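Subject: Structure handover

Hello,

Here is the structure for you to look at. My notes on it follow below.

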Amino acid sequence: MTISNNDDKALLVRHDDAETLDTMGVRLYADHDMTNGKLSANRAFLPKGADGPPPHYHSTSAELFYMLDGQLRVLAGDEIHEVGAGDFLLIPPNMTHAWAAPAASSADVLVIFTPGIERFDYFRLGDRIRKGLASPLEILDTQERFDNHFVDSPIWRQTTNGDGRGLLDREEHRTEFLASDVLQAQPGGADRPTAGAG
């Protein structure tokens with residue numbers, strides 16, 4: 001891997017050199033410090049029917065999704081989009097979003113944040129949580145650091161759970177978030193690829 005945060009040199013990250021977090025289904029390409037804050041980039045793979053991160057927003061960065069293969073169901077504000085191979089979706093700052101692979105298709109997606117935000121340590125923390133080495137509380141406690149703010153979305157819950165519950169209050173949402181399958185230790189550890197996080 002050639003790493004440079006110098007504006008007069010190209011940043012090249014070879015596929016085989018990029019750090020891979022198998023429990024998260026994520027390959028890490030560029031973090032904010034590697035690009036002088038211009039962008040952060042990763043590739044996420046979600047198996048069929050796998051959930052990505054719960055609804056959240058980023059206050060400083062837009063997040064773009066370029067579908068390499070498969071399909072993805074994405075919450076964008078108050079809308080649900082179905083995106084497929086070759087599709088491009090841009091989520092502006094402060095827009096609530098979440099995603100999941102539908103039951104019939106996996107999803108392989110390139111995710112880019114601009115301007116860049118700290119993502120590598122966020123994904124590494126998620127990896128430790130999935131391995132049972134850290135608590136999901138740590139994700140909640142680092143929302144400001146990673147500019148990853150978790151919120152409730154009745155639309156997303158109705159789409160994914162088929163229920164008609166109203167907006168959760170803060171404490172109920174925290175409890176539901178901590179119980180989320182996305183943040184549970186996974187049997188099989190690194191041998192079992194699972195959902196990416198955002």
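This is a predicted model: local features need pLDDT of at least 70, side-chain atom pairs count only at pLDDT 80 or more; totals for chains, interfaces and linings use all residues.

Two strands are taken as paired if DSSP finds at least two bridges between them. Helices (H or I, at least four residues) and strands (E, at least two) are DSSP runs, numbered from the N terminus. Residues are numbered from 1 along each chain as its sequence is written, and side-chain values use heavy atoms, with hydrogens and water left out.

Overall

The protein has 5 helices and 10 strands. Of its 198 residues, 48% are buried, where buried means under 20% relative accessible area, exposed over 50%, and partly exposed in between (1.4 Å probe, protein chains only). The protein exposes about 9500 Å², and carbon and sulfur atoms supply 49% of that area. Accessible areas come from the Shrake-Rupley method with a 1.4 Å probe; for residues, only the protein chains shown count as cover. Taking contacts (heavy atoms within 4.5 Å) between residues at least 6 apart in sequence, 71% join residues at least 24 apart.

Strand β5

Strand β5 covers residues 62-76 and pairs antiparallel with β9 (residues 107-114) over 8 bridges. In that pairing Tyr66 stands opposite Leu110 of β9. β5 also runs antiparallel to β6 (residues 79-84), with 6 bridges, and Ala76 has Glu79 of β6 as its bridge partner. These two strands, β5 and β6, form a hairpin with 2 residues between them, and Gly77 in the turn has a positive phi of about 70°. Strand β7 (residues 88-91) is joined to β5 by 4 bridges, again antiparallel; here Phe65 stands opposite Leu89. The pairing of β5 with β8 (residues 97-100) is antiparallel too, over 4 bridges, with Val74 and Trp99 as bridge partners.

Helix α1 and the cores

Helix α1 (residues 120-130) is largely enclosed by the rest of the structure, because 8 of its 11 residues are buried. Those residues are Phe120, Tyr122, Phe123, Leu125, Gly126, Asp127, Ile129 and Arg130. Their cover includes the strands β1 (19-21), β2 (26-30), β3 (40-46) and β10 (149-150), as well as the helices α2 (137-141) and α3 (143-146). Just after α1, Gly132 takes a positive phi of about 80°.

A nonpolar core is a set of buried Ala, Val, Leu, Ile, Met, Phe, Trp, Tyr and Cys residues joined through side-chain atoms within 4.5 Å. The largest has 22 residues, of which Leu28, Tyr122, Phe123, Leu125 and Ile139 touch the most other members. β2, α1 and α2 are the elements that give two or more residues to this core, and α1 gives the most, with 5 residues. Apart from this core lies another, of 18 residues, among them Leu46, Ala50, Leu89 and Ile117.

Asn148

Asn148 sits in the loop between α3 and β10. Its relative accessibility is 1%, so Asn148 counts as buried. The Asn148 side chain makes polar contacts with two others: the side chain of His58 at 3.4 Å and the side chain of Arg119 at 3.1 Å. A polar contact is a pair of N or O atoms within 3.5 Å; within protein, one must be able to donate a hydrogen and the other to accept it, and residues adjacent in sequence count only if both atoms are side-chain atoms.

Regards
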